[in-house]
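Please keep the sequence and the 3D view at hand while reading.

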Amino acid sequence: YFSCTAYFFCEYDFARDMIETKWKLEKNIKRKYWAVGAAKFYETLICIALARETNEDKWRKYALQCFEEEKKLNSSELHRLLILETEIDIIIGKTKNTITNYNKAINAARESQHIHEEAIANERAGDFCLSQDDIRASHYYGQAYSLYLQWGAKGKAAQIKKNYLKSGIFQ
């Protein structure tokens, strides 16, 4: 779960180290640990973030592989699949419906009462809008900030405020 926390705080190098350590350990055991539910969701998000940040094909491949595994799990929540699908679409260049898809993920997370994952979807929507010079970024960051506070993640809310207030995006 250190990798999950690292993902929340955009500490992708640390998250990468944790994921790679897990994979190395799994090679040495007969019975592979099958991450399910939230664990697999965050592992996939980390691979997607690393694909985005590094532009390395290996992380894009891992992201796609993890996403396919996540889709096969019956335990996956709809909002998680929607978030991952939207993120995968971005790294493969399919961005036409990105905001619509983030909104679907946000609504599904809200309906399933996963406030922290609703916050993630809002933050990622804000990141996407910011990368496109779309003024809706401030709305999504504001929503993410409020949701993280409601969840009790004051440090994460402070990080959003600090990172985006200086750019004039955060309201």
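In which crossing, left-handed or right-handed, does helix 3 pass helix 7? The crossing of helix 3 past helix 7 is left-handed. The model is a predicted one.

## Helix 3 and helix 7

Helix 3 spans residues 38–54, and its packing angle with helix 7 is about 15°. Angles under 35 degrees count as roughly parallel, and helix 3 and helix 7 are therefore roughly parallel to each other. The axes of the two helices lie 14 Å apart.

On the side of helix 3, the residues that meet helix 7 are Phe41, Tyr42, Leu45 and Arg52. Their counterparts in helix 7 are His116, Glu117, Ile120 and Arg124. By class, the contact of helix 3 with helix 7 consists of four nonpolar residues, one polar residue and three charged residues.

## Helix 3 and helix 4

Helix 4 covers residues 57–72, and its axis comes within 8 Å of the axis of helix 3. The two axes cross at roughly 155°. Angles over 145 degrees count as roughly antiparallel, which makes helix 3 roughly antiparallel to helix 4. Helix 3 passes helix 4 in a left-handed crossing.

Helix 3 contributes Lys40, Phe41, Glu43, Thr44, Cys47, Ile48, Leu50, Ala51 and Thr54 to this contact. From helix 4 come Trp59, Arg60, Tyr62, Ala63, Cys66, Phe67, Glu69 and Glu70. The contact of helix 3 with helix 4 divides into ten nonpolar, two polar and five charged residues. Phe41 of helix 3 takes part in the contact with helix 4 and also in the contact with helix 7.

## The cavity

How many cavities of 30 Å³ or more does the structure hold? There is one such cavity. The volume of the largest cavity is about 70 Å³.

The lining of the largest cavity is formed by Tyr7, Phe8, Cys10, Tyr12, Ile120, Glu123, Arg124, Asp127, Tyr148 and Lys156. Helix 1 (2–8) and helix 7 (115–131) are the elements that give two or more residues to this lining. Helix 7 supplies the largest share, with four residues. Six of the lining residues are nonpolar and four are charged, while none is polar.

Methods: Residues are numbered from 1 along each chain as its sequence is written. This is a predicted model: local features need pLDDT of at least 70, side-chain atom pairs count only at pLDDT 80 or more; totals for chains, interfaces and linings use all residues. Side-chain values use heavy atoms; hydrogens and water are left out. On a 1 Å grid over the protein atoms alone, a cavity is a set of points where a 1.4 Å probe fits but cannot get out, and a pocket is an open set with protein on both sides within 12 Å along at least five of seven lines; lining residues have an atom within 4 Å of a point. Grid points are joined across faces, edges and corners, and a volume is the space filled by probe spheres set on the points. Ala, Val, Leu, Ile, Met, Phe, Trp, Tyr, Cys and Pro count as nonpolar, Asp, Glu, Lys and Arg as charged, and the others, Gly among them, as polar. Axes are lines fitted to C-alpha atoms, for helices over the stretch in contact, and angles run from 0 to 180 degrees between N-to-C directions. Angles under 35 degrees count as roughly parallel, over 145 as roughly antiparallel, 65 to 115 as roughly perpendicular and the rest as oblique. A crossing is left-handed if the near helix is turned anticlockwise from the far one by less than a right angle, and right-handed if clockwise. Contact means heavy atoms within 4.5 Å.
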